[in-house]
Amino acid sequence: MTAPLRVVIGEDDVLLREGIARLLVEAGLDVVALAGDAEELLRKGLAHRPAVVVADVNMPPGHEDDGLRAAIEVRRRRPETAVLALSQFFDERYALELIGDRAEGVGYLLKHRVGAVETFVDAIKRVAAGGTVLDAEIVARMLGRRQDAHPLDRLSPREREVLAAMAEGKSNRGIAETLAVSPATVEKHLRGVFYKLELEPTPTEHRRVLAVLAYLRASPGG
């Protein structure tokens with residue numbers, strides 16, 4: 001029998017912190033520690049060796065990006081630990097800082113997604129498995145800001161949709177289901193995306209996501 005995923009939660013609001021913990025325990029995850037500030041999150045994230053750190057971006061003591069920085073530091077010291085960051089508001093800088101040079105095992109969601117329990121738990125499992133999870137609203141904004149930037153303006157509307165779905169971490173089958181097209185059509189659009197962005201496709205989905213996000217980081221205004 002597979003052991004449940006070990007999770008450390010960082011959230012300064014005690015009610016929300018305990019509420020998230022209850023949700024995850026009921027979903028079969030093992031919440032091994034709770035943290036109310038960034039220093040505690042860093043300490044417990046290192047000591048308990050969780051599979052995933054779920055961290056509010058804005059935590060004490062500074063109430064800026066302290067939680068995010070603590071989670072990134074845990075990941076730096078223990079690369080096997082995945083990170084799912086939660087934020088009240090979208091800030092592209094936070095998403096790009098979290099992604100860094102390695103998109104595998106990271107996620108960035110708007111905090112209200114916690115209420116969609118199935119989606120939230122699935123996001124934790126996906127980052128734990130080495131996947132990348134980005135809130136659909138975040139992806140749309142990141143892509144929307146660059147629709148007039150070179151070379152994203154080379155993409156057709158359908159290729160942009162495929163790119164957005166791919167950046168959310170969807171598999172080819174998931175993209176096909178979302179766009180109501182065949183897997184062969186998805187493959188064709190993916191080839192077009194990589195060709196137009198001058199990116200070589202690689203065998204795994206998450207490396208494709210990494211390539212897309214790396215491109216987004218290098219785009220003007222990124």
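**Overall make-up**

The model is predicted. The protein contains 10 helices and six strands.

- Among contacts in the protein with a separation of 6 or more, 66% are between residues 24 or more positions apart.
- The protein exposes about 10,600 Å², and carbon and sulfur atoms supply 52% of that area.

**Helix α1**

- Helix α1 covers residues 14-26. Its 13 residues should span 18 Å at 1.5 Å a residue, and because its end C-alpha atoms are 18 Å apart, the two values agree.
- D13 caps the N-terminal end of α1, with a side-chain oxygen 3.0 Å from the backbone nitrogen of L15.
- Just after α1, G28 has a positive phi of about 95 degrees.
- The buried residues in α1 are R17, G19, I20, A21 and L24.
- An α-helix has 3.6 residues a turn, so residues three or four places apart point the same way.
- The cover over the buried residues of α1 includes the strands β1 (6-10), β2 (30-35) and β4 (82-87), and also α5 (117-128).

**Residue V186**

- V186 is part of helix α9, which runs over residues 183-196.
- The relative accessibility of V186 is 0%, so V186 counts as buried, the cut-off being under 20%.
- Apart from neighbours within four places in sequence, V186 contacts N172, I175, A176 and V181.
- I175 is 11 residues from V186 along the chain, and their C-alpha atoms are 7.0 Å apart.

Conventions
Residues are numbered from 1 along each chain as its sequence is written. This is a predicted model: local features need pLDDT of at least 70, side-chain atom pairs count only at pLDDT 80 or more; totals for chains, interfaces and linings use all residues. Side-chain values use heavy atoms; hydrogens and water are left out. Helices (H or I, at least four residues) and strands (E, at least two) are DSSP runs, numbered from the N terminus. Buried means under 20% relative accessible area, exposed over 50%, partly exposed in between (1.4 Å probe, protein chains only). Contact means heavy atoms within 4.5 Å. Accessible areas come from the Shrake-Rupley method with a 1.4 Å probe; for residues, only the protein chains shown count as cover. The expected span of a helix is 1.5 Å times one less than its number of residues. A polar contact is a pair of N or O atoms within 3.5 Å; within protein, one must be able to donate a hydrogen and the other to accept it, and residues adjacent in sequence count only if both atoms are side-chain atoms.
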